[in-house]
Structure formats: structure tokens, C-alpha cells
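Subject: The two-chain model, handed over

Hello,

Here is the structure I promised to pass on to you. Please open it first, and then read on for what was found in it.

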Amino acid sequence: MGELQIKKQSKKYDAVVVGSGAGGGMAAYVLAKAGLKVCLLEAGPMFDPAKHSSQLKNAWESPRRGASTKFRPFGDFDGSFWGWQIDGEPFTTTQGTQWDWWRARMLGGRTNHWGRISLRFGPNDFKRKSIDGLGEDWPISYEDIKPYYDNVDKLIGVFGTNEGLYNDPDGFFLPPPRPRLHELFIKKAGQQAGIPVIPSRLSILTKAINNERGSCFYCSQCGRSCKVYADFSSSSVLVIPALKTGNLDLVTNAMAREVLTNNEGLATGVSYVDKTDLQEYQVSGKVVILGASTCETARLLLNSKSQRHPNGLANSSNAVGKYLHDSTGAGMGGFVPTLFNRKRYNEDGVGGMHVYTPWWLDNKKLDFPRGYHIEYGGGMEMPMYGFSWGIESMNGDYAVNGVKKEAGGYGKSLKEDVRFFYGAHVGMAGRGEAVARIDNYCEIDPDVVDKYGIPVLRFNVKHSDYEIKQAKHMKETFREILHNMGAVITWGDKDDEKNMWGLNPPGNIIHEAGTVRMGADSKTSPLNKWAQAYDCKNLFCVDGSVFTSQADKNITWTILALSMRTSEHIVDELKKQNI
Amino acid sequence: MDRRDSIKALVIGTVTAGTLLDACKTEDKKKTGDAAADSKAAGIEDRMPEEVEYNKELQAEKFFTDHEFATITVLADIIIPKDDVSGSASDAKVADFIEFIVKDMPHHQTPMRGGLRWLDLQCLKRYEKPFRDCSSQQQIEMVDQIAYPRKAKPEMQQGVTFFNLMRNLTVTGFYTTKIGYDDVGFVGNRPNQWNGVPPEVLKQYNMAYTEKELKECISYDKA
């Protein structure tokens, strides 16, 4: 690095977008389709599912049989590059706190990783403070965002059913797949307990919606990304089509360092380090749009200090980094003895559950303020690393083909046991809403930089009683469902108040939101109702950072709808020369 | 694209990506050279450079001694022998998998190395030979001491713990091969049309789809 200099791109873009995930990808798509000149910065390499997916590989095509590595924590075939750690890019936590932070570095960001669960927020989810007095109301209502949800449904595709549930609104759904066998058991068990089990809502194309994308062929591997684009990834559905307009320049391996501002305090562009040549670059645009992910966007703003923005950009409210909250998570599972020795057939289905449970109770009658939904798994899944692990704790308790055996063992008898138990397991996990609180936050660690010299985040997040009581309720629900199914519980049943009822650590569910929230009051929120910075009118955020509050839903569909809404607003404002 | 087209696109698109779709198996071999076959065997295609480097390093290392490797091979074939349904652990190259996985997961290294040594010492005391040189009858006698966690003698506990790990690695290593998939009857991981649980299975469990499900869900019933 003998001659370090900053290379300024001469081209002036209408917009510079940071991050190519759901939020950034949608912004790039809307703007490029509207004819604007867009530059999209992505911190990882190019990724096209059609070329790079591990779809349809068998376990033995991985030397570790699909086990995880630090490069792919969800397994060797998972679509996501990196995850809980990235070499050379540390983060820190304050003493006595834990934060798990998933970072994908590749085109499409974390949409390469997620479960395709695509749930709209409902009317109540935008007005939680009015309902329970906690947190803050959004500056928009369901009616404001509904047209964008509708358009996202149609543009991207999602299967599900219209159930007429007030807070789990209907949409434009493709037909869902029929439930699998264990899912029929779950549905029946739920009915007995008064717990609804309805078709899941996943952004997977059970029918083709255009000529660019194929339809699902039921390999159950959406997590690896889809070679025929039959599920939603930001790369295949948004960025690659946007590139075809000719209006989008994609810069990969570009790690954003700072948002640049001028003397008036307006954004002028973004500086970044190119990870391949380690040179410093600047790209300028009329508008800067951040979709770097909830915490990376906050980091970028806090690192963008100037005379006009001494506290970090868009941070006169001092709220950037605050109100950080993830979905809660807890799980339980076991196996269903009536499924032992079951008939074999291809049960793969789509990538994920065919049924789920939306939140069904009234929190006014409970001792915790926010709800959760339940996700289900099980069945005759592909054998991968870990297959039949721990069989010695199972094969002594159940007669195999009528014969009770001694636990453990080996030989032909053991092979018989493996065949007998295969496909009988079932599991479930709750995903709940945590309350956004000012004392859960990320900030710049004053002592630590990453390998590019960019100051890193330090996290300070803890669960509160609200989340802990919710997890206790989840466990009671899971136990009831499993009991009704006649299942034997083998994991998740030993939790109590000492371990917060088995709550996953904050960040672990990978639904974090809230660090640059929208709000009606510029004194307490960095962004207005268009996700436009109060302090800097040509700066917008389009990822999970803008959420005023979570819901008992996965956040991707709402990121997409909000990004579409903000991006269309930007197109209008640029046309009117307001920004 | 309709489903037929998308499956066609998939098959074409994966020739270079090297999936094991039967349709493109032979073609695949012809089109890609030895180098590509090598990288495929090493599981390093379509990986980040950091992953390629890491996998190469692991492949180049050797962890188990020849004696340890031979002992693992004998044990694995005791755990998974050939039967009427499928072949043995050796047929599925389970020892090679165990050699790789302990390099990839170092937490298995000491329990495996130490456990093998523990076993050899037990056999030296009993039969004056290391495990692999014992007769088949002696090997089974020894294994019977450590293969049943709930009835093993307390002084055999370390051996039980080792054998549990050995059993788990062997079972996982065997059932994650083609031989293992066929043995357990796994018939997924191929393009198909999900049309719900087969009717005879629904009947077996006294289940049925509701009118609502039959109306709303995607159907591939033949008209």
C-alpha cells in the first residue's frame, strides 16, 4: 500500500445504493427500472444462483457431508457466504451481554440465507404503543403500506391462503403445497389445543409468474438458492433484472467506509475500499440509499462524522444504533412413535414448512405484551452430517419391529434400528416480537477497527422480562402440541427461568431491526415516514434499520414493501427536483 | 417458464456445476476435465477462495497413523457390516470420511486417538495383542464390553464414550453415501411434483386432506 490515494469516480449517479440484499436490491430495481442511473455497492462477490448454487448436491459431494464451517455456519451447501464471523471483520460486546451477528458478504446479502417466510405486518403491528403503551407507534399505518405489499406479492410471488385474519392480512397468493404427513399430525394436535395451523406463506413459485423465473420442482433446498429462480433471492429477482436495464452499475467487493457530505450537510456520495485491490474509492450521487443491513447501516452512519454531523450522520436525535431488537426464539422437538417404520416416498416438498401457526392469542389476557408465530419441521429429510447421531439414547427404549433391544449396539441390528427410526422426528420453534428499548443498542467501539481500518460495532443488548415470559409461554405451547401428537420430547424440554426458558441469544434469529428508526418526531427518531433522514434530505434507509418496531413476523416482506415505497418516493422527488 | 422448461433449464445449467442428476451424469464426465473432477471430489467448486484454501489444507494433511486407520476400518465394519439390504462401512469408505472429519472438526481428534489407544491397551491386557490383531471372536468380546452404555461395567465407561463416538461417526459416515441413501430408502433430492402424502399412507394413519386444502393447494392430480 505504498501509494494510498483516493480514486474518485467521475460518473455522477442519480443514486448510490449500499448493500444488495432485500432492501438495497429493491431500491436498485425500482430506480433502475424508472430510468435513473444507479450505482450499487456490495461488500462481497458476485453471486448468481443459476451458476453458483449447490442445489441438488448429495451429502457425499461435500467432504464433510454438509456439516457447517465458519464460512457456512448453516452447512456446506448453504447459500450464504460467511455468517457468525468474518475473518478480519470483528465486532465486540459490552461485558455481561451477548449478541450474535449474522453477516453475509455476497450479491443478494442475507436473502441467500433466509427461510423465504414472507409475512405481512398487520394493522396492530404499526400501532403497538397505542395498544400496550410500550415502545413507539410507526409514523405510517397498514393502509399506507398495503399497496406496496400487494405489489411485492405480485412482483416477487408468494404462496399462502387468504384466511381473513385481521392482523395477518390477506394477500395475492399462489397456491400452497399440501401439508406433509407430520404436518397433518401437527394440524390435528393444534386443533385439539385451539391453536391454528394454516398454510405457510413462503416466497416460492408453485406456479410460474413470468418468463424469467422457473417454478418450484420441490427439492426443499431454497436455503442453497435456486438455479431456476423459483424462490426469492435479491440477486435473481431484483439485482440481475435491474442490471439488464443498463441503468445499474454493480460494484462487488466494495466495503463502504463513509457516507460523504458537503458543507450544507447533504450527502454527496459514498467512500469505499475495494477488497480486491485494497484501494480507496469514492462514488457520488444525488441521493444516497443505505441497505447495508440493520447494524451495518447504523455503523456507516455513526462512522460518517462531519462538522455538520458531529454525532454521526442523521443522528441529531442520538437514536442511531438504539432500539436494536431481534425476533425472540425458542424451540422443542422429539419424535412420533406412530411414524416409526414408515413407508418411504419423496417428501421433500418446498424449502421449508408447508404449515405454520400465526399468533392467535390476545396479549391483554397474558403476562407478556407481544406475540409469536410457530414454525415446524420434521419428516424424511436428506441424510447429512449428524444423521442418526445419538441413536444409543433411543434404540433401547422402543421395540424395533416388535423386539425390545439393549441400548447402543452395533452390526446388522443397528442398521435395522436406523431404518426403523428414520423420518419420525418433529420439531418446532417460536419466533416472537421483542420490545424495542432505548437501552438495547450498538455503538462504535472506540478501540477496535476491522482490517480495512473501519471502526467496528460494540453491542449492548439484553433480553427483558417481556421476552423471557413469552419464551415460557412458547415452551408450554410446544409441549401441548407435542403431547397431543403422541410425540416423545427429546430436546428443548429442560429449560427454566435460570436459562431464560431456552431463549436464543439476541441476534441469533437474524431478524434484527430498529437501529435507524422511522418516527413522527425528529427529536427521537432519525427518519421520517419516508425513511428519509430528518437531518439530511437526500439520505434514505431501506433495510431493517428503519423499523419502529418488530412484529411476530419475519421482517423481509416488510423490508421489501418499505423499500419499494421509499424508492418510488425518491423517483418522484428527483423528478420534482426536491432532492 | 413452466415446470418442464425449468427442469430442462436446471439440467442444462448444472452440467458444469456437477450435480448427480442421472440424466447428465455421463455427459458431465465427458465435458469436464480431470482438474474439474478433482476439485469436485474435493468439494471445492463454487466456493469462496478462503474455503477452497481451507479444504485444500485439510486434504493435504494426514491425521491418523496407518495403524489407527486400520483399527478404525475394522471397528467401522463391526458397526456397519454387510447385510441383505446394503454393503459395509468399508464399501462406503467410512474410514476415509472419519479421517477427513477429525481434521475438519478438531474436537473429535483427542477422543478418537485416545479412545483407540485405550482400546488397544485393553486388548493388550486381555489378549496380549492390539485390537486389530485380535481374532474376530476376541474383537467382538471386547466390543461387547463397550457397545451397550446401560449395562457396561463402570470401569468400561471411557470405552463406552469412545464407542458411542465411533458408532455415531460410522453411522453418519455410512448413511451420507449413495449406499446409505439406498439403504435407508431416501428417495428425495431430485426434481419432482409434490402432490401431497400418497393416498395409501393417508389411509394408514387415518388422515385426509380437507375440502379446503384440496381446493386451495397446488395439485398435480391427473385429470
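One definition before anything else: a residue is called buried if 20 or more other C-beta atoms lie within 10 Å of its own, exposed if 12 or fewer, and partly exposed in between, with C-beta atoms placed from the backbone. Helices (H or I, at least four residues) and strands (E, at least two) are DSSP runs, numbered from the N terminus.

This is a predicted model, in which local features need pLDDT of at least 70 and side-chain atom pairs count only at pLDDT 80 or more, while totals for chains, interfaces and linings use all residues. Residues are numbered from 1 along each chain as its sequence is written, and chains are lettered from A and ligands numbered from 1 in the order in which they are written.

Where the chains meet

Just after α8(A) comes G423(A), with a positive phi of about 85°.

Looking at the whole interface, 69 residues of chain B are in contact with 68 residues of chain A; contact here means that the C-beta atoms of two residues, placed from the backbone, lie within 7 Å. On the chain B side, at least two residues each come from α1 (3-13), α4 (49-60), α5, α6 (94-104), α9, α10 and α12 (211-216). Of these, α1(B) gives the most, with seven residues. Sorted by class, that side has 36 nonpolar, 18 polar and 15 charged residues. In this sorting, Ala, Val, Leu, Ile, Met, Phe, Trp, Tyr, Cys and Pro count as nonpolar, Asp, Glu, Lys and Arg as charged, and the others, Gly among them, as polar.

Chain B itself has twelve helices and zero strands. Buried residues make up 34% of its 223 residues.

The cores

A nonpolar core is a set of buried Ala, Val, Leu, Ile, Met, Phe, Trp, Tyr and Cys residues joined through C-beta atoms within 7 Å. The largest has 129 residues, and those with the most contacts inside it are A15(A), V17(A), A28(A), V38(A), L41(A) and V270(A). Helix α1 of chain A, residues 22-33, gives the most to this core, with eight residues. A second, separate core of 79 residues includes I80(B), V94(B), L169(B) and F174(B).

What does L41(A) touch, leaving aside its neighbours within four places in sequence? Its contacts are V16(A), V17(A), V18(A), V251(A), A254(A), A256(A), V270(A) and Y272(A).

Helix α1(A) also packs with α10(A) (residues 556-575), at an angle of about 35° and with the axes 8 Å apart. (Axes are lines fitted to C-alpha atoms, for helices over the stretch in contact, and angles run from 0 to 180 degrees between N-to-C directions.) By class, this contact has ten nonpolar, four polar and one charged residues.

Sheets in chain A

Strands pair if DSSP finds at least two bridges between them. Six strands of chain A form an open antiparallel sheet in the order β4-β10-β11-β12-β9-β15. Because β4 (198-199) and β15 (488-491) of chain A stand at the edges with a single partner strand each, one side of each is left without a neighbour in the sheet. Two bridges join β10(A) (residues 355-357) to β11(A) (residues 372-378), and Y356(A) has E375(A) in β11(A) as its bridge partner.

Two helices pack on this sheet. Helix α5(A) touches β10, β11 and β12 (425-432) of chain A, its direction making about 30° with that of β10(A). Helix α9(A) touches β9 (328-335), β11, β12 and β15 of chain A, at about 20° to the direction of β9(A). The axes of α5(A) (residues 181-193) and α9(A) (residues 465-484) come within 8 Å and cross at roughly 115°.

There is also an open sheet of three strands in chain A, in the order β3-β14-β13, with mixed pairing. In it, β3(A) and β14(A) (residues 455-460) run parallel, joined by two bridges, and T93(A) stands opposite F459(A). Helix α7(A), residues 294-302, lies across β13 and β14 of chain A, running at about 60° to β13(A).

Enjoy exploring the model!

Best wishes
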